[in-house]
Amino acid sequence: MGDMTQTEAGAGAGRRVSAARERLLKTAGQLFYAEGIHTVGVDRLVAESKVTNATFYRHFRSKEDLAVAYIGSVDQAIRTQIGSLTAADMPADDILRGIGASLVEQIRSPGYRGCAFLNAAAEFPDPDHPVHRAVVQHREWFLQTITGLFAGITAAQAEHAGRHFVMLRDGAMSAGYLGDPVLAGETLLRGIEGLLRIHAARGLDERAASAPGRPSSVATTVSGVECSPPGA
């Protein structure tokens, strides 16, 4: 009914077709996430989106093309969410905590079935497949973003801290689906706090080491979980 109103009001066929594309993408997002990309056929996508086959193929060359768009829509939603945190001029550690809190909320939400990106990569293991490449591109951006936030606290081993955060995220999202989502969320938040504590201590050590009259190497002030690989 909304499409018809737009057309009658003079929005034009282009707007109507765009609305049909959005319905296809929204339907695909719901079905692909809940049931898997391979198990959902074009006929079902067309039927549940209330469009024709011609409309489907006008917007997407294939179901896999739609799957790439689906991954892109999830990626954009996350970029927007993190962008809203960074735009609020919050300290880097609070932004990282905010990302963790958002992950916990997602893990505990109804209908949660794991990470959309990891699920898609499992369905498309070929590294040259467009869906797999879209997943890898998102993860590269996410790692760079997280690493940049840790670098805002201190540049010392920020890359290692970023990788550790992403691994905590991956583990929590899998554990939240396969096990107890409440415990998975609590474990993730504790892990992030520990990681932030250790990383902040590196910054203190770095500043102490560069202070006049202090030795060039100072032992870390926080023991426990180590973010860096052996020998780093």
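**Exercise 1. Work out how α5 and α7 sit against each other in this predicted model.**

Start with the handedness: α5 goes past α7 in a left-handed crossing. Next, find who touches whom. On the α5 side, the contact is built by Tyr70, Ile71, Val74, Asp75 and Ile78, and on the α7 side by Ala116, Phe117 and Ala120. Now sort those residues by class: 7 are nonpolar, no polar ones turn up, and 1 is charged.

Then look at the geometry. The two helices pack at an angle of about 155°, and their axes lie 11 Å apart. Angles over 145 degrees count as roughly antiparallel, and therefore α5 and α7 are roughly antiparallel to each other.

**Exercise 2. Describe the packing of α5 on α6: which way do they cross, and which residues meet?**

Take the crossing to begin with: α5 passes α6 in a right-handed one. From α5, the residues at the meeting place are Gln81, Ile82, Leu85 and Thr86; from α6, they are Ile95, Gly98, Ile99 and Ser102. Sort them again, and you get 4 nonpolar, 4 polar and no charged residues. To finish, check the axes, which come within 10 Å and cross at roughly 145°.

**Exercise 3. Find the largest pocket and say what lines it.**

First, the space: the largest pocket holds about 420 Å³. Its lining counts 22 residues, and the closest to the pocket's centre are Val74, Ala77, Ile78, Gln81 and Gln106.

Second, trace the lining back to helices. Those giving two or more residues are α2 (13-35), α5 (63-87), α6 (92-107), α7 (116-123), α8 (130-153) and α9 (158-178). Which helix gives the largest share? That's α5, with 8 residues.

Finally, link back to the earlier exercises. Val74 and Ile78, among the residues closest to the centre of the pocket, also belong to the contact of α5 with α7. Gln81, another of the closest, takes part where α5 meets α6.

Notes:
Residues are numbered from 1 along each chain as its sequence is written. This is a predicted model: local features need pLDDT of at least 70, side-chain atom pairs count only at pLDDT 80 or more; totals for chains, interfaces and linings use all residues. Side-chain values use heavy atoms; hydrogens and water are left out. On a 1 Å grid over the protein atoms alone, a cavity is a set of points where a 1.4 Å probe fits but cannot get out, and a pocket is an open set with protein on both sides within 12 Å along at least five of seven lines; lining residues have an atom within 4 Å of a point. Grid points are joined across faces, edges and corners, and a volume is the space filled by probe spheres set on the points. Helices (H or I, at least four residues) and strands (E, at least two) are DSSP runs, numbered from the N terminus. Axes are lines fitted to C-alpha atoms, for helices over the stretch in contact, and angles run from 0 to 180 degrees between N-to-C directions. Angles under 35 degrees count as roughly parallel, over 145 as roughly antiparallel, 65 to 115 as roughly perpendicular and the rest as oblique. A crossing is left-handed if the near helix is turned anticlockwise from the far one by less than a right angle, and right-handed if clockwise. Contact means heavy atoms within 4.5 Å. Ala, Val, Leu, Ile, Met, Phe, Trp, Tyr, Cys and Pro count as nonpolar, Asp, Glu, Lys and Arg as charged, and the others, Gly among them, as polar.
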